[in-house]
Amino acid sequence: MAKITLDNIAHSYLSTPKDESDYALRLIDNIWDDGGAYALLGPSGCGKTTLLNIISGLLVPSKGRVLFDGKDVTNLPPEKRNIAQVFQFPVLYDTMTVFNNLAFPLKNRGFNKEDINKRVLEVAQILDLTDSLNKKAARLSADAKQKISLGRGLVREDVAAILFDEPLTVIDPHLKWQLRGKLKEVHEQLKLTFIYVTHDQVEALTFADQVIVMYEGAIVQIGTPQELFENPSHKFVGYFIGSPGMNFLPCKLNGNKAMINGIGIELDDKTADLGHKSHGNLELGIRPLYLEVHPQEVENSVPALVKSIEDQGTYKIITASLSGNILRARLPEGKETFSENAWLRFPKSWIRLFANDKLLTRP
Ligand code: ADP
Ligand code: MG
């Protein structure tokens, strides 16, 4: 097992990169603790696979160093790093049986027959592959093949870390849910460092203790799912996490109020103080979950126009316009009916201020 240090890593696929836009990874400087369950979350093309391949040794970064437990492994090939990697698509030996596919990483490392048997059966059990152990891998469905790939990743307990690169892409939705749960269980049992790459926030938030959000070749925030939800450090995290994403309203301050086209929204003292001390374009952020919509005026509410109501089963999404700004609120399924006019209330404790896209926080 290992603590992984990414020491000032940058990577370009070009031989002579000129400016920042030539870098797939701009600057990553980070330490990931031993035994953590990490998710690397970000949109397609933001550099997740590049970073994972640098950790596994498939890629040598253009700049910086990778350390495992303080030891420089930057130039070591994957087989010398003691890491297991599971890719997006199945990687296995079609002509071998499922058993032999699972046993392969252990045989390779010289484990004895008894240990191999024991471990392969355990992993097969976890992944529901016990009945297929004697079948040739070629004869199985795409789902089952990817489960074998996962199994090959999980079978060694002596690895420093297991890296997963969007491993559930080819798995059908129902099984996805189940396998994600299994992976979490396995992590709790083995306490190995798991790094799980995904572009799917639900996958990241349900799997990981720590979610690393990437955007355009950089890490924008590392936090627990709750931290990312409640205090997104950057507007991108606000948008990307949550369904729908955070609302943002350009504003100016007037005393303790955030003014939005002449409409004042009351802030608590601390938030107002942060805003007064900030520089740059100010925006008020609030999660749809915390924005209240009332059919009648209530204390501290502001008038808005209801544009649409979407029924999502257990909740509804109301889209409203507040002096020309579009906002979304997520409301529990209730009896209230809304006409075109509604009143919005912004609970002070859930209002966040952003200046030039960054969350204002106390130092
Ligand atoms: P992600 O896994 O988040 O989708 P990648 O790490 O695959 O992102 O890609 C990051 C950036 O690097 C993208 O702009 C992609 O086009 C580029 N890239 C990835 N692999 C290569 C490669 N082998 N050669 C050149 N450019 C690449
Ligand atoms: Mg990728």
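Ala, Val, Leu, Ile, Met, Phe, Trp, Tyr, Cys and Pro count here as nonpolar, Asp, Glu, Lys and Arg as charged, and the others, Gly among them, as polar. By that division, the shell around ligand 1 in this predicted model has four nonpolar, five polar and one charged residues.

**Surroundings of ligand 1**

- The residues that surround ligand 1 are Y13 and A24, together with P43, S44, G45, C46, G47, K48, T49 and T50.
- C46 takes part through its backbone, where an N or O atom lies 3.2 Å from an oxygen atom of ligand 1.
- Taken alone, ligand 1 exposes 560 Å², and of that area the protein buries 53%.

**Packing of helix α2**

- Helix α2, which covers residues 98–108, packs with helix α3, residues 113–126, at an angle of about 130°, and the axes of these two helices are 10 Å apart.
- Because angles under 35 degrees count as roughly parallel, over 145 as roughly antiparallel and 65 to 115 as roughly perpendicular, with the rest oblique, the angle of about 130° makes α2 oblique to α3.
- The handedness of the crossing between α2 and α3 is right-handed.
- Against helix α4, which is formed by residues 142–154, α2 packs at an angle of about 30°, with the two axes 8 Å apart.
- That angle makes α2 roughly parallel to α4, because angles under 35 degrees are counted in this way.
- Where α2 passes α4, the crossing is right-handed.

**Backbone details in loops**

- The peptide bond that joins S243 and P244 is cis, with an omega of about -5°.
- P244 itself is placed in the loop between α8, residues 235–240, and β11, residues 247–250.
- E166 has a positive phi of about 45°, although this residue is not a glycine.
- The loop in which E166 is found runs between β7, residues 161–165, and α5, residues 173–190.

How values were computed
Residues are numbered from 1 along each chain as its sequence is written. Chains are lettered from A and ligands numbered from 1 in the order in which they are written. This is a predicted model: local features need pLDDT of at least 70, side-chain atom pairs count only at pLDDT 80 or more; totals for chains, interfaces and linings use all residues. Side-chain values use heavy atoms; hydrogens and water are left out. A residue is near a molecule or strand if one of its heavy atoms lies within 4 Å of it. A polar contact is a pair of N or O atoms within 3.5 Å; within protein, one must be able to donate a hydrogen and the other to accept it, and residues adjacent in sequence count only if both atoms are side-chain atoms. Accessible areas come from the Shrake-Rupley method with a 1.4 Å probe; for residues, only the protein chains shown count as cover. Axes are lines fitted to C-alpha atoms, for helices over the stretch in contact, and angles run from 0 to 180 degrees between N-to-C directions. Helices (H or I, at least four residues) and strands (E, at least two) are DSSP runs, numbered from the N terminus. A crossing is left-handed if the near helix is turned anticlockwise from the far one by less than a right angle, and right-handed if clockwise.
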